[in-house]
Amino acid sequence: MNPVPSVEIRVYPNDCDSFGHVNQAAFLSMFERARWEAFTQGPGLDAFVESRAWPAVRKSTVEYLAEALPGDLLKFDTTLTHLGRTSFSLHQAARREADGVLIAEADFVFVCIGESGKPVPVPAEVREFFGTRPSVRAGPVQHLLVRGVATAVDIQGDGPAIVFLHGFPLDRTMWRHLMGPLTGWRRIAVDLRGMGLSDVPESGYDMKSYADELAELLRVLEVEKAVICGLSMGGYIALEMMRSHRGKVRGLILANARAEADSPQARADRDEMIKLVEREGSEGLAEVLLPKLLCPSSLSAMPQVVEHVRTMIANNPDAGVIGAITAMKERADSTPLLADIDVPTLVIAGREDRMIPVELSRAMADQIPGAQFTVIAEAGHLTPMEQPIATSRVIGEFLEALP
Ligand code: MLT
């Protein structure tokens with residue numbers, strides 16, 4: 001997936017300080033050397049020179065994680081994490097070749113500056129070199145063939161399984177802040193078909209197919225039963241699991257979700273959304289959805305969350321997004337199911353959710369026997385991203401109390 005070639009750099013004694021390991025200042029120049037080396041395997045510096053757009057580093061953040069010594073061969077991987085009109089961001093990771101240990105990681109923000117000293121567009125050749133779409137950093141991803149669809153999953157930890165299903169039109173990385181803390185569980189975050197890094201088949205965009213795929217994924221992973229944790233559209237699929245694959249569900253977590261089918265107005269709105277994606281692509285959809293997905297304080301005070309949501313949406317292939325809209329529009333009413341849900345259930349709402357207001361989530365929880373209901377403050381529709389600590393605490397307590 002990563003279009004930027006890896007680069008190897010050998011550590012020499014002059015990179016090291018009097019304590020004998022690579023000095024922090026030397027890392028900055030190694031990261032720089034690795035970037036330019038990678039670039040010379042693509043358009044080279046000429047792309048910048050010819051278009052008179054010099055990339056200036058505006059911000060760098062480096063984490064030094066382990067020592068590197070003279071003689072070590074370090075492998076530098078570079079990933080594009082943001083591509084704007086005049087700016088771009090790169091994530092770089094340096095690993096020791098011999099044992100794969102992560103030595104240092106860095107994030108750099110670049111702005112292209114023209115002769116006048118003002119920002120100018122990122123040169124076209126550079127855009128091409130990166131590919132058109134930046135990627136979002138997340139855990140190690142693997143692709144599993146599930147019902148003929150190459151499905152991207154992050155799997156972390158051991159223990160009983162919990163599956164995370166993302167909302168629309170996002171991907172598995174929306175759960176990344178919850179994947180770490182829930183130790184003692186085998187955490188499985190999935191990219192639904194047509195989104196994230198999963199394949200984009202031409203058909204099969206309906207709740208039943210998403211659920212069938214999930215059941216098959218659990219079989220492939222030899223998971224007998226799992227807690228299914230879905231946000232919004234992921235919650236619709238979790239409810240479909242109860243309808244079609246009840247035996248696979250050990251518990252349910254329904255975040256920012258509702259049980260009813262779409263109203264006639266909501267169905268008409270979905271048709272308009274499909275037209276928007278056909279016209280402006282998922283990038284256009286990102287701009288329309290962002291203010292609805294996040295609460296005002298997240299929008300103003302959490303730029304990294306805003307950027308992550310924008311990138312997830314804009315990265316998603318238009319066909320997969322349209323498939324998901326169609327699946328939501330056609331979904332069945334799950335209200336009649338609720339009274340028969342006989343697995344432990346946690347319903348989470350965001351106090352400032354404008355897409356699925358608290359009252360709808362509360363009404364759903366009220367109809368599920370014994371369900372717990374929690375409202376998270378200062379969160380809109382994407383509770384686990386806007387309030388990851390509060391959300392992982394609530395989920396952790398729910399999991400701990402499971403029989
Ligand atoms: C989602 O977050 O998955 C969507 O907002 C759900 C919907 O549009 O019904």
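Author: Happy to! Keep in mind that this is a predicted model. Searching the whole structure turns up 2 cavities of 30 Å³ or more.

Reader: Nice. What volume does the largest cavity have?

Author: The largest cavity has about 90 Å³.

Reader: And which residues line the largest cavity?

Author: The lining is made up of V146, T151, L165, V190, D191, L192, R193, Y210, E213, L214 and L217. Sorted by class, that gives 7 nonpolar, 1 polar and 3 charged residues.

Reader: Which helix gives the most to that lining?

Author: That would be helix α5, residues 207-220, with 4 residues in the lining of the largest cavity.

Reader: Good to know. How much space lies in the second largest cavity?

Author: The second largest cavity holds about 60 Å³. Around it you'll find R35, W36, F39, F48, P55, F88, L90 and F110.

Reader: What does that lining look like by class?

Author: For the second largest cavity it is 7 nonpolar, no polar and 1 charged residues. Helix α1 (24-40) and strand β4 each supply at least two residues of this lining, and the largest share, 3 residues, comes from α1.

Reader: Let's stay with β4 for a moment. Where does S87 lie?

Author: S87 is in strand β4, which covers residues 87-96.

Reader: Is S87 buried or exposed, and why?

Author: S87 counts as buried because its relative accessible area is 19%, and the cut-off for buried is under 20%.

Reader: What is S87 in contact with, leaving aside neighbours within four places in sequence?

Author: Its contacts are H82, F110, V111 and V122.

Reader: Changing topic to backbone geometry. Which residues does a cis peptide bond join?

Author: A cis peptide bond links F168 and P169, with omega at about -10°. P169 sits in the loop between β8 (161-165) and α4 (176-179).

Reader: And which residue has a positive phi of about 50° although it is not a glycine?

Author: That's R52. You can find R52 in the loop between α2 (46-51) and β2 (54-64). E222 has a positive phi too, near 55°, and is likewise a residue other than glycine. The place of E222 is the loop between α5 and β10 (226-231).

Reader: What about E222, buried or exposed?

Author: E222 counts as exposed because its relative accessibility is 74%, and the cut-off for exposed is over 50%.

Reader: Last topic, the ligand. Which residues are around the ligand?

Author: The residues around the ligand are G167, F168, S232, M233, Y236, R270, M328, M355 and H381.

Reader: How far is an oxygen atom of the ligand from a polar backbone atom of F168?

Author: That distance is 2.7 Å. For M233, an oxygen atom of the ligand is 2.8 Å from a polar backbone atom.

Reader: And what about the side chain of R270?

Author: There, an N or O atom in the R270 side chain is 2.8 Å from an oxygen atom of the ligand.

Reader: Great, thanks for the tour!

Terms used: Residues numbered from 1 in each chain as written. Predicted model: local features only at pLDDT ≥ 70, side-chain atom pairs only at ≥ 80, totals over all residues. Heavy atoms only, no water. Buried < 20%, exposed > 50% of the residue type's maximum accessible area, 1.4 Å probe, protein only. Contact = heavy atoms within 4.5 Å. 1 Å grid on protein atoms, 1.4 Å probe; cavity = no way out; pocket = protein on both sides within 12 Å on 5 of 7 lines; lining within 4 Å. Points joined across faces, edges and corners; volume = space filled by probe spheres on them. Nonpolar A, V, L, I, M, F, W, Y, C, P; charged D, E, K, R; others polar. Near = heavy atom within 4 Å. Polar contact = N/O pair within 3.5 Å; in protein donor to acceptor, adjacent residues only side chain to side chain.
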